[in-house]
Structure formats: structure tokens, C-alpha cells
Amino acid sequence: MGLPDKKEVYTYDDYLNWTDDQRIELIDGQIYLMAPPSRIHQQISGAIYIQFANYLKDKKCDVYYAPFGVKFTEKSEKDIKTVVEPDIVVICDKSKLDNDGCKGAPDLIVEITSPSTARKDRVEKFNLYEKYGVKEYWIVEPDLKIVNVFALQENNRYGRPEIYTEEDKIKVSIFDDLSIDLKDIFS
């Protein structure tokens with residue numbers, strides 16, 4: 001079929017009715033095509049997911065990996081114009097979960113950059129996640145083997161990032177006793 005007919009603003013209803021095999025995200029009603037992830041991207045995503053999943057076993061929060069839809073809206077579900085598929089999400093408020101994914105801000109989001117997504121992850125998604133109150137946002141840069149971690153401050157803005165290299169452990173701010181060892185992620 002191909003992409004939908006050209007519109008100025010797309011909605012969640014449009015998103016649900018696309019039948020193309022192309023993976024698409026909507027941000028403020030605009031289409032963003034998603035390239036298939038690389039092998040390294042998948043290795044890093046899997047390694048991060050495993051550490052979260054092991055920690056969260058028998059706890060109140062859940063971890064999910066892409067493709068997993070996260071819908072943001074300020075109004076009703078009919079007005080949703082933003083649906084993204086972060087690489088990894090942690091959700092502690094189970095009332096946000098539905099059969100299609102999550103409605104509202106997850107507690108933590110991890111995005112793993114690629115050359116085609118780096119700008120979107122650093123700008124559009126950064127602003128989106130800050131606006132809707134994602135408590136912790138990680139931007140993983142595989143080529144540089146670094147992770148930028150943004151934590152939502154009291155003023156509901158992200159402060160300066162904590163920057164971690166492959167030799168570091170990330171203290172996950174939304175949990176008192178979880179650190180993610182980056183040697184296991186980037187090896």
C-alpha cells in the first residue's frame with residue numbers, strides 16, 4: 001500500500017489504520033519513518049532490557065522493548081497525535097497500560113541512536129519526553145559507547161545530562177538500589 005495520503009496532521013486513528021509494513025512514529029501529528037535496527041542496536045537493547053527485567057522481577061514496575069507503543073495526549077484518546085516506539089520503557093503505573101501499549105509518560109525511556117535517528121532522539125523526543133514528564137531519559141550512543149542520562153528536575157525540566165562511558169555503572173534514579181553496568185551493555 002505505501003504511506004497514507006498526504007495530510008498536514010495525522011492522528012492516532014490514522015496510525016491504527018495504516019496497513020503498510022513500514023514502521024512509523026507520529027510526533028505532533030507528523031510522520032517519522034523508522035529504519036530497521038542494526039545488529040549492534042539489538043545487542044545493546046537486549047543487554048539493557050535483560051538488566052532491567054532481572055531487577056524488576058517480582059516488583060511493581062514493568063519493562064517493555066520495541067515495538068511497544070507509547071501514546072501522548074493532553075486531551076482525549078481521539079486527539080492523540082503522538083505515538084512513539086522507544087527502544088525500552090519502564091512503567092510503574094499499571095493504569096497507563098492498555099492492549100496497545102502505554103498511554104501517558106513511562107517512568108523511564110531508553111533510546112539507542114543510529115545515524116538516521118540521532119537528531120530525532122536528541123531534539124524531538126527529548127522535548128517530547130520532557131514535556132510529558134518522563135522522569136528519566138537515556139540516549140545511548142553505540143558508536144561512542146556513551147550514555148547520556150537526563151533526569152526530570154523539580155521544575156519539570158531536564159537538567160544537564162550525566163554522561164557515562166563503557167567503564168561506568170549508571171545509578172538508575174527512579175530506583176534506590178539499581179545500577180546498570182555498561183561493561184555488560186557495550187561488550
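Modeller: A disulfide is a pair of cysteine sulfur atoms within 2.5 Å. Please keep in mind that this is a predicted model, where local features need pLDDT of at least 70 and side-chain atom pairs count only at pLDDT 80 or more, while totals for chains, interfaces and linings use all residues. Residues are numbered from 1 along each chain as its sequence is written, and side-chain values use heavy atoms, with hydrogens and water left out.

Biologist: Happy to start there. Which cysteines does a disulfide join?

Modeller: Cys61 and Cys92, with an S to S distance of 1.9 Å. The structure holds one disulfide. The torsion about its S-S bond is about 105°, so the disulfide is right-handed.

Biologist: Where do Cys61 and Cys92 lie?

Modeller: Helices (H or I, at least four residues) and strands (E, at least two) are DSSP runs, numbered from the N terminus. Cys61 sits in the loop between helix H2 (39-56) and strand S3 (62-65), and Cys92 in the loop between strand S6 (88-91) and strand S7 (97-98), so the pair ties together parts that are 31 residues apart in sequence.

Biologist: Is Cys61 buried or exposed?

Modeller: Buried, at 5% relative accessible area; the word means under 20%, with exposed over 50% and partly exposed in between (1.4 Å probe, protein chains only). Cys92 is buried too, at 18%. Cys102 is in no disulfide, and the nearest cysteine sulfur, that of Cys92, is 11 Å away. Cys102 has a relative accessible area of 0%, so it counts as buried.

Biologist: Let's turn to the rings. How many aromatic pairs are there?

Modeller: A pair of aromatic rings is described by the distance of the centres and the angle of the planes. Here, rings of Phe, Tyr and Trp (its six-membered ring) pair if their centres lie within 6.5 Å; planes under 30 degrees apart are stacked, over 60 edge-to-face and the rest tilted. The count comes to 13 pairs. In one of them, the ring centres of Phe126 and Tyr158 are 5.2 Å apart and the planes meet at 55°, so the pair is tilted.

Biologist: Which parts does the pair of Phe126 and Tyr158 tie together?

Modeller: Phe126 lies in helix H3 and Tyr158 in the loop between strand S11 (146-151) and strand S12 (162-165), so parts 32 residues apart in sequence are tied together. Phe126 is buried at 16%, and Tyr158 at 8%. Tyr158 also pairs with Phe150: their centres are 6.0 Å apart and their planes at 50°, so this pair is tilted. Phe150 is buried as well, at 10%.

Biologist: What lines the second largest pocket?

Modeller: Its lining includes Ser38, Ile40, His41, Thr113, Ser114 and Arg122. H2 and H3 are the elements that give two or more residues to this lining. Thr113 is in the loop between strand S9 (108-112) and helix H3 (118-132), and is buried at 9%. Not counting residues up to four places away in sequence, Thr113 touches (heavy atoms within 4.5 Å) Ala118, Asp121, Ile139, Val140, Glu141 and Pro142.

How values were computed:
On a 1 Å grid over the protein atoms alone, a cavity is a set of points where a 1.4 Å probe fits but cannot get out, and a pocket is an open set with protein on both sides within 12 Å along at least five of seven lines; lining residues have an atom within 4 Å of a point.
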